[in-house]
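Subject: Structure handover

Hello,

Here is the structure I promised to pass on. Please open it before you read my notes.

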Amino acid sequence: MKTRAKSALIMAPLLVIVFLGGYFLVAGVVLLTVFALREFCTAFGEKKPARWVLWTSLCILYACFFIPGFDSFVLFGFWLFASLVLCFLSMFAVEKRDLAQGMTTILGVVYIIFLSFHIVLVDNAYGGSDIVVGVFRFSGLDSYVWLIALAAFGTDIFAYFTGKAIGSHKLCPSISPKKTVEGAIGGVLGSVLLCGLFGYFFIPGGLATCIIIGVLGGIVSQLGDLSASVMKRKIGIKDWGAAIPGHGGILDRIDSVLFTAPLVFYVLAFTEAFGSL
């Protein structure tokens with residue numbers, strides 16, 4: 001329990017960053033992405049991805065994001081094209097890198113850089129009441145970014161304690177032996193509860209949307225966790241890193257967030273297009 005308490009203290013600043021939003025959130029996401037990429041590369045040992053491609057791809061994406069009036073579709077199209085070109089270019093060094101390393105580099109671009117960027121997209125499009133102080137824009141407590149954290153971490157916490165209390169049926173024993181069906185259900189219910197309470201108190205008009213995100217987020221966040229477990233088993237490691245006591249590395253802590261953030265963004269986008277928030 002002491003280890004988990006230390007981990008909570010380490011992750012606590014993330015809650016402050018979500019509240020601040022804007023440039024602070026962008027800086028926080030970039031920092032997390034950098035740490036996650038470092039752990040991702042280190043995990044592959046001598047067969048590591050081309051780091052220079054990952055760093056360049058990260059810089060291109062955020063440079064495009066800050067161009068005033070830059071269309072998001074064009075942004076993603078140009079960034080993806082440039083990143084793929086760089087990935088294939090890295091394989092021109094045939095004596096240093098094989099095809100597997102090139103594909104791993106592409107995986108790092110999509111899995112970590114692209115998915116984590118959706119946190120910024122949610123804040124930019126659905127960042128809340130916008131508390132403006134000088135040149136800074138704070139998102140406050142009614143930012144939809146909170147749903148990413150509530151769905152991902154809420155699912156993890158409720159799944160853990162439900163599994164410990166009543167878990168008896170293994171969910172995916174070949175992937176994650178400790179996860180149970182009961183824990184998975186408890187995780188989804190916990191996500192729905194937290195997201196529903198958030199909607200009720202901070203976004204009453206969007207309560208239904210918050211509940212939908214709670215349901216889908218509870219499922220998708222666990223898929224993100226299991227997907228990361230599959231990759232780690234294939235690589236032959238237990239954790240991506242050791243930055244957070246009791247939880248491994250940064251990437252171990254945000255693997256569910258990487259799946260939940262895009263879900264929240266696209267649910268909100270579809271709701272905005274076909275309904276009301």
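Below are my notes, from the whole chain down to single residues.

First, the ground rules. This is a predicted model, in which local features need pLDDT of at least 70, side-chain atom pairs count only at pLDDT 80 or more, and totals for chains, interfaces and linings use all residues. Residues are numbered from 1 along each chain as its sequence is written, and side-chain values use heavy atoms, with hydrogens and water left out.

**The chain**

The protein chain has ten helices and four strands. Both are DSSP runs numbered from the N terminus: helices are H or I with at least four residues, strands are E with at least two. In sequence order the pattern is α-α-α-α-α-α-β-β-α-β-β-α-α-α.

The chain has 277 residues, and 47% of them count as buried. Buried means under 20% relative accessible area, exposed means over 50%, and partly exposed lies in between (1.4 Å probe, protein chains only).

The accessible surface is about 13800 Å². Carbon and sulfur atoms hold 73% of that surface. These areas come from the Shrake-Rupley method with a 1.4 Å probe; for residues, only the protein chains shown count as cover.

Now contacts, meaning heavy atoms within 4.5 Å. Among those between residues at least 6 apart in sequence, 69% join residues at least 24 apart.

**Aromatic rings**

How many aromatic pairs does a search of the whole structure find? It finds 17. Rings of Phe, Tyr and Trp (its six-membered ring) pair if their centres lie within 6.5 Å; planes under 30 degrees apart are stacked, over 60 edge-to-face, and the rest tilted.

Take Tyr 126 and Tyr 144. Their ring centres are 6.2 Å apart and their planes stand at 80 degrees, so this pair is edge-to-face. Tyr 126 lies in helix α6 (residues 99–126), and Tyr 144 in the loop between β2 (136–138) and α7 (145–166), so the pair ties together parts 18 residues apart in sequence. Both tyrosines are buried.

Phe 270 and Phe 274 form a stacked pair, 6.2 Å centre to centre with 15 degrees between the planes. Both sit in helix α10 (residues 250–274), four residues apart, about one turn of the helix. Phe 270 is exposed at 52% relative accessibility, and Phe 274 is exposed at 70%.

There is also an aromatic cluster, whose members include Tyr 23, Phe 76, Trp 79 and Phe 117.

**Ala 125**

Ala 125 is in helix α6. With a relative accessible area of 44%, Ala 125 is partly exposed. Ala 125 and Ala 269 are 144 residues apart in sequence, and 9.0 Å apart in space, C-alpha to C-alpha.

Best wishes
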